[in-house]
Amino acid sequence: MNVLELKNVKKTYQTHKAVDDVSFAIPEGKIFGLLGPNGAGKTSLIRIITSITRADEGVVLFNGEPLNSSHPAQIGYMPEERGLYKKMKVGEEIMYLARLKGFSKKEAKQQLEYWLERFDIQDWRNKKVEELSKGMQQKIQFITTVLHQPKLLILDEPFSGLDPINSNLIRDEIYELNKRGTTILFSTHRMEQVEQICENIVLINKGKNVLEGSVADIKEQYKEHIFKLQYQGDLPVGMGEHVTVISEQAGQLTVQLRDVVHANNFLKYLLAHGTIVTGFNEVLPTLNEIFIKKVGGISDE
Ligand code: ATP
């Protein structure tokens with residue numbers, strides 16, 4: 001069952017095609033990455049999914065139904081531009097937003113206590129939001145996004161502005177929510193985070209789908225037969241006929257196998273020539289490398 005499915009979605013602003021025929025599906029229970037460089041159309045897509053704007057063309061299905069007014073309440077969305085009432089105290093703010101999401105006063109209070117304790121931030125209860133640092137505000141925003149246990153949680157650059165400790169805290173919380181059944185759509189241009197967190201991705205560029213699938217399959221598809229070899233003793237003199245050396249350090253080589261050479265054959269060749277092999281691992285491309293290959297790099301960061 002797909003929690004979300006987009007089919008041939010298009011959105012044009014004036015003459016600019018912000019979303020140009022994008023299709024993808026997010027199966028229930030997945031952590032799904034929506035990737036693309038700045039201006040690719042990620043926010044435009046999220047605004048369509050959350051019913052803030054409408055697609056010009058195409059279909060968006062939530063739980064198999066065309067988007068309708070009952071769906072936004074089942075979605076939690078943390079936009080990149082965080083928005084909290086700055087003059088409110090943290091406790092009041094969480095209570096207020098919980099009440100807006102339909103909790104009774106008692107339930108809202110329970111949520112407040114649960115999250116203040118969970119994040120160990122009881123001291124913040126009576127602080128005004130504007131007195132908190134950017135990262136601290138982000139933790140509050142995260143709480144207000146997830147407290148109604150949405151079926152689909154959409155996080156736009158959830159780690160931007162967070163230090164490593166808080167990034168880990170939020171990441172663990174994302175895993176925990178996912179374990180309890182929330183499907184997650186994680187939008188970012190930071191590839192290394194996606195690699196750690198997401199099982200499936202869609203990559204968009206200039207409003208179009210460029211790549212879609214599981215991270216493992218995509219890496220497999222783009223692998224370039226590069227291996228890291230650790231060894232002792234001498235290397236065979238004629239090794240260059242079998243592999244291209246990419247980099248070399250004491251006792252360690254990174255090589256690219258020629259198409260015809262199977263990894264096992266290369267190993268056999270080394271062993272037959274008396275090289276002592278202490279390590280031999282395939283090096284798969286990072287998503288960042290694949291991304292640069294497909295899209296030609298990102299302008300910032
Ligand atoms: P970023 O990573 O920088 O947030 P993004 O992938 O979220 O980028 P979008 O914000 O969806 O990108 O923008 C896609 C394109 O659509 C951009 O060229 C942007 O200028 C344009 N665009 C977005 N919203 C509007 C709007 N309301 N009116 C006109 N153009 C818009």
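H16 in β2 is the bridge partner of Y13. The model is a predicted one, so to speak of local features a pLDDT of at least 70 is needed, side-chain atom pairs count only at pLDDT 80 or more, and totals for chains, interfaces and linings use all residues. Residues are numbered from 1 along each chain as its sequence is written, and side-chain values use heavy atoms, with hydrogens and water left out.

Strand β1 (residues 2–13) runs antiparallel to β2, and nine bridges join the two. Helices (H or I, at least four residues) and strands (E, at least two) are DSSP runs, numbered from the N terminus; two strands pair if DSSP finds at least two bridges between them. β1 and β2 belong to an open sheet of four strands, ordered β2-β1-β4-β5 with antiparallel pairing. At its edges stand β2 (16–27) and β5 (65–66), each with a single partner strand, so one side of each has no neighbour in the sheet. Helix α1 lies across β1, β2 and β4 (57–62), at about 120° to β1. Angles here run from 0 to 180 degrees between N-to-C directions, with axes as lines fitted to C-alpha atoms, for helices over the stretch in contact; contact itself means heavy atoms within 4.5 Å.

Then there is the other sheet: six strands, open, in the order β6-β7-β8-β3-β9-β10, with mixed pairing. Its edge strands are β6 (75–78) and β10 (208–214); each has a single partner strand, so one side of each is left without a neighbour in the sheet. Direction ignored, neighbouring strands are turned by 15° against each other on average. Strands β3 (residues 31–35) and β8 (residues 183–188) pair in the parallel sense over five bridges, and G33 has F186 in β8 as its bridge partner. Helix α1 (residues 42–49) packs on this sheet too, touching β3, β6, β7 (152–156), β8 and β9 (200–205).

As for helix pairs, the axes of α4 (residues 134–146) and α5 (residues 164–179) come within 11 Å and cross at roughly 5°. That makes α4 roughly parallel to α5 (angles under 35 degrees count as such). From α4, K139, F142 and V146 meet N166, L169, I170, E173, I174 and L177 of α5.

Zooming out, the chain is divided into domain 1 (2–220) and domain 2 (224–283), with bounds from an automatic or database domain assignment. Their C-alpha centres lie 45 Å apart.

Methods. Parallel < 35°, antiparallel > 145°, perpendicular 65-115°, else oblique.
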